[in-house]
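Colleague: I have the file open and a few things to ask. Can we go through it residue by residue where needed?

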Amino acid sequence: MSLTAPTGATQTLSAGLLVIGLAATVSLALGFEHIGGYIPCMLCLEQRTPYYVGVPLMLLALLASWLKAPPLITRGLLLLGAALMLYGMALGVYHSGVEWKWWEGPADCGAGASSQNLGGNLLDQLNAVIPPSCSEAAGRFLGLSFAGWNVLASGFWAFIALRAAFKR
């Protein structure tokens, strides 16, 4: 299928699903952090970037499809969204490999959270928090860490975006 083929309901619905899905996925990660108390490591935070960029990008794709912009614009935006999610998937694979000790992670990736009590000074407490190590999974759910789940989520969203970009 050509990127200049006419677009329709498939692209509009897929872009809408991607906006909601990407926002829900990153919101879940933020919920685990802010409500569940899981402190993200540097690689965890980096894996959120494709979602932060992807949500507004998919909003643009939704708008382009809804306003009947030239098909190349709508399909191109969906393709960019797929590329972002594939990048996020690659980050998740890398992080999972670091957690499983298959390869080394970045040298500057935390060494465990600080547990010292600095009294009532909030700024001192914030400065004392050291992100967890990238090589230790915060938890495993059904055998997968957060990074592993991100691989599955990113792959799913990439599939949806690719299918919409190339489907009639």
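Modeller: Leucine 142 is exposed, with a relative accessible area of 81%. Buried means under 20% relative accessible area, exposed over 50% and partly exposed in between, with a 1.4 Å probe and protein chains only.

Colleague: Where is leucine 142 found?

Modeller: In the loop between helix H4 (122–128) and H5. Helices here are DSSP runs of H or I with at least four residues, strands are runs of E with at least two, and both are numbered from the N terminus. Phi of leucine 142 is near 55°, a positive value in a residue other than glycine.

Colleague: Before going on, what sort of model is this?

Modeller: It is a predicted model, in which local features need pLDDT of at least 70, side-chain atom pairs count only at pLDDT 80 or more, and totals for chains, interfaces and linings use all residues. Residues are numbered from 1 along each chain as its sequence is written, and side-chain values use heavy atoms, with hydrogens and water left out.

Colleague: And lysine 68, buried or exposed?

Modeller: Exposed, at 61% relative accessibility. Lysine 68 lies in the loop between H2 and H3, and its phi, near 60°, is positive although the residue is not glycine.

Colleague: Back up a bit. How many helices and strands are in the protein chain?

Modeller: Five helices and zero strands, so the pattern along the sequence is α-α-α-α-α. Of the 168 residues in the protein chain, 36% are buried.

Colleague: What share of the contacts comes from residues 24 or more positions apart?

Modeller: 74%, taken over contacts with a separation of 6 or more. Contact means heavy atoms within 4.5 Å.

Colleague: Which residues have the most contacts inside the largest nonpolar core?

Modeller: Leu18, Leu22, Tyr51, Met58, Leu78, Met85 and Trp157, in a core of 24 residues. Helix H1 (9–34), helix H2 (42–66), helix H3 (71–99) and helix H5 (146–166) each give two or more residues to this core, and the largest share, seven residues, comes from H5. A nonpolar core is a set of buried Ala, Val, Leu, Ile, Met, Phe, Trp, Tyr and Cys residues joined through side-chain atoms within 4.5 Å.

Colleague: What does leucine 18 contact?

Modeller: Leaving aside neighbours within four places in sequence, leucine 18 is in contact with Ala23, Met58, Leu78, Trp157, Ile160 and Ala161. Apart from that core lies another one, of five residues, including Cys41, Leu43, Cys109 and Cys134.

Colleague: Now helix packing. At what angle do H1 and H3 pack?

Modeller: About 35°, with their axes 11 Å apart. The axes are lines fitted to C-alpha atoms, for helices over the stretch in contact, and angles run from 0 to 180 degrees between N-to-C directions. The contact is made by Gln11, Ala15, Leu18 and Leu22 of H1 and by Thr74, Arg75, Leu78 and Met85 of H3. By class, that is five nonpolar, two polar and one charged residues. Ala, Val, Leu, Ile, Met, Phe, Trp, Tyr, Cys and Pro count as nonpolar, Asp, Glu, Lys and Arg as charged, and the others, Gly among them, as polar.

Colleague: Serine 154, buried or exposed?

Modeller: Buried, with a relative accessible area of 0%. Serine 154 is in helix H5, and its side chain is joined to that of tyrosine 51 by a polar contact of 3.1 Å. A polar contact is a pair of N or O atoms within 3.5 Å; within protein, one must be able to donate a hydrogen and the other to accept it, and residues adjacent in sequence count only if both atoms are side-chain atoms.

Colleague: What else does serine 154 touch?

Modeller: Besides Tyr51, serine 154 touches Met85, Gly88 and Met89, not counting residues up to four places away in sequence. Methionine 89 lies in helix H3 and counts as partly exposed at 28% relative accessibility. With the sequence limit again at four places, methionine 89 touches Val151, Ser154 and Gly155.
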